[in-house]
Amino acid sequence: MYGRKVKFRFFFIILILLSLILSVFLVLKSLEENVIFFKSPSEVKFLEEVKNKKIRIGGMVKLDSIEMSSDEVNFIITDFKNEINVSYSGVVPNLFSEGKGVVAEGYLKDRIFFEASKILAKHDENYMPPEVKAALEEN
Amino acid sequence: MLYSLIGHYSLILGLSVSSLIFFSSIKNFRNNEILDIKIINFSFLQLFLVIISFFALVLSFIYSDFSNETVFNNSHTTKPLFYKISGTWGNHEGSLLLWLLVLNLFIFVFLIKSKNLLKKYRILTVLFQQIIIIGFFVFLLSSSSPFNYIFPIPEEGLGLNPILQDPALAIHPPILYLGYVGSSIIFSSVLAATVLKYVSKTWAIHIKSWVLTSWIFLTLGILLGSIWAYYELGWGGFWFWDPVENVSLMPWLALTTLMHCILVLEKRSTLKSWVIILSITTFTLSMSGTFLVRSGILNSVHTFANDPERGLFILTFLFILIFISLFVFFVFHKSEKQDSMLFSLLSKETSILINNWFMMYFLSVVLIGTVYPIFLQVISSEQISIGPPFYHKLIVPFLIPFLIFMAIGPRLKWIKSKLDKKMSLVVLFVISILISFLILKNLSANFLINTILVGSAFYLFLMTTRDFFSKTNKNISQNLSHFGFSLLILSILFNNIFSKEVITNLKVGEKFYGEKFQIEFSDLKKFEKQNFISFKGFLLVTEQGVKNEFNPELRVYNQPNIITSEADILTTFWTDKFITMNTLQNEEYFNIRYQVKPFMLWIWVSVLLISLGGSISLFNRKIK
């Protein structure tokens, strides 16, 4: 027979292992569901299929493309090769303007139309999101 | 110019004092029984030199000395004096100098406060702390000197990012750093104690004051940052699971775990290895937080410069520290068999271990959510981000058992315990669920989980409230902190469940008719201020017959040329009403967002209560 102490320790280790496995499983599952991928308009164009999953799209706001009405803002995100139309109703950050970098989060309706639920605010006039910079440099 | 020179040379002198401290410490370590007074004197000298250097930088900012590169990059003559001063630590170089200052300050205080302790332990702690201090000196002098000289001297500076020009944010970094750097003392001292096999009851009592001190400051620092984000960034939330917020939450979680664990060490002298690991983890997380934020890997308002060299330096330094601590842990630490795990399943020890398990789980979730995107980008160059749902899904369900354990755990005794008055525990739980059911009965979405969640929070709330009036309860500080925590969770839940908002685009003179609110944009006026032009909106919000006038602002700063929005917030006892106004270039429309946020005030108050609990505990120790 094992002593009480050994039993206790054994029980304890099993418990820790079980909880570890459980949390790893939960975390991985949640990661899979909640990861938001970043795409440029060109990448969107060559997507194999348009999934109903939240993504981010980054690029420049095309010049003269912003149209504002009482409940919506429409604009075009471009990476100078491909474009995508965005419609958005929500808070517009102050640094959002034509000819500047932008990151929009939301759902693709099809390859050229995007419904944004959030426009990411950045706090510096010289700032360009690194993703956008990389996407622009690639092209 | 003169100040920069003084600052620069006192830094160099300060670094050379380190060698004196090393020399006299090593000599003193073997020979004498009592601590050489020279070590204290040299530590004071080093502190003094760093203070001089720091004040030299402050003066350069006050006098707008643009021959100094740091001042040029971050200040402007038209900036109000208060923000000139706070600009000192509002940038990369200055904030590092502040780190160094606090590092020196704390080790000096440590030396004075630890008179009754083992001499060898004090000296070793000083030595380990000196390794960190030297690292920061070298970092400052080599790649991020705050005293670089520019010629020809520019006429005018580039200015401080306007959203950082704010009273809460002026004191946020120093407070947060007191918390971060406080953990450096815990780190140095735990290494010293491990080497000398001094991890004991006496040590636990002594180090607990440091744990409490840094915990209080870290809590307040996070609170300030959160309040600032609430009113300045204009999103109306208090926590965004932004990576830069997460890196301050992680050391907080580790430190909170350590604080509970050290109780076990103090009362029962067990769980030694765990305490050592936690102390090392806490400081490592503080350092990695600094690394992630400063290196530009995470982009945010905190990222001052994208300089790979700096990131590389902190990373190397971090690895050296981790290596040293692992070496010390594995070489010197031998786990003792005698008293390990001698407690029954129903005891305070078990309840603290359960607390530790939950805290470590929360910590891992936050860590993975923060680091995984960076990791993935490095190995596959795929760019992803992880949003709030990830954290909510993983953390919120676990809050339910966490809250219930938190309500029951503190009433257990050490070693072996019985649950007294089981009936009243069950009755209270039923009452809590009932209250929560009554409050939420009109809720349609996620009714079940919300009811249980609010119920568990109410349970903790009622239990801790009852404890305030219980005669047997002696631990008022713990009681208060746990009460504060229940209040925090309740406020957050109600805030989430009952918040309302409306977003609309309006021109001046237009009206918005919604189901619940009416918003009238009556006027826009222009005001000239010291370093910005302010456009004040006059908005009239009608809600259930009650009229409120709001004046949100748009500020156009002169240098740097940035537009910011200032929210107008009407804070009352139960709810906050929050309105922001944004603009688009060449558009007549203004983007208006109106939010009703219940219990906002109570989120801040409850965090204050939590840290007040810590302060009472610290204060009680001082008296004893």
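**Two chains and their contacts**

Biologist: Which strands are joined between the chains, and how do they run?
Modeller: In this predicted model, strand S1 of chain A and strand S1 of chain B, residues 384-386, are joined by three bridges and run antiparallel.

Biologist: How many residues of each chain are in contact?
Modeller: The contact involves 35 residues of chain A and 37 residues of chain B.

Biologist: Which elements of chain A give two or more residues to that side?
Modeller: They are helix H1 (4-34), strand S1 (35-39) and helix H3 (130-138) of chain A.

Biologist: And which gives the largest share?
Modeller: H1(A) gives the largest share of the side of chain A that touches chain B, with ten residues.

Biologist: How do the residues of that side divide by class?
Modeller: On the side of chain A that touches chain B, 16 residues are nonpolar, eleven are polar and eight are charged.

Biologist: Turning to chain B, what domains does the assignment give?
Modeller: The domain assignment lists domain 1 (1-163), domain 2 (166-412) and domain 3 (500-601) of chain B.

Biologist: What separates the centres of domain 1 and domain 3 of chain B?
Modeller: Taken over C-alpha atoms, the centres of these two domains are separated by 43 Å.

Biologist: How many residues does their contact take from each?
Modeller: Domain 1 of chain B supplies nine residues to the contact, and domain 3 of chain B supplies ten residues.

Biologist: What classes are found on the domain 1 side?
Modeller: The side of domain 1 of chain B that touches domain 3 has four nonpolar residues, four polar residues and one charged residue.

How values were computed. Residues are numbered from 1 along each chain as its sequence is written. Chains are lettered from A and ligands numbered from 1 in the order in which they are written. This is a predicted model: local features need pLDDT of at least 70, side-chain atom pairs count only at pLDDT 80 or more; totals for chains, interfaces and linings use all residues. Two residues are in contact if their C-beta atoms, placed from the backbone, lie within 7 Å. Helices (H or I, at least four residues) and strands (E, at least two) are DSSP runs, numbered from the N terminus. Ala, Val, Leu, Ile, Met, Phe, Trp, Tyr, Cys and Pro count as nonpolar, Asp, Glu, Lys and Arg as charged, and the others, Gly among them, as polar. Two strands pair if DSSP finds at least two bridges between them. Domain bounds come from an automatic or database domain assignment.
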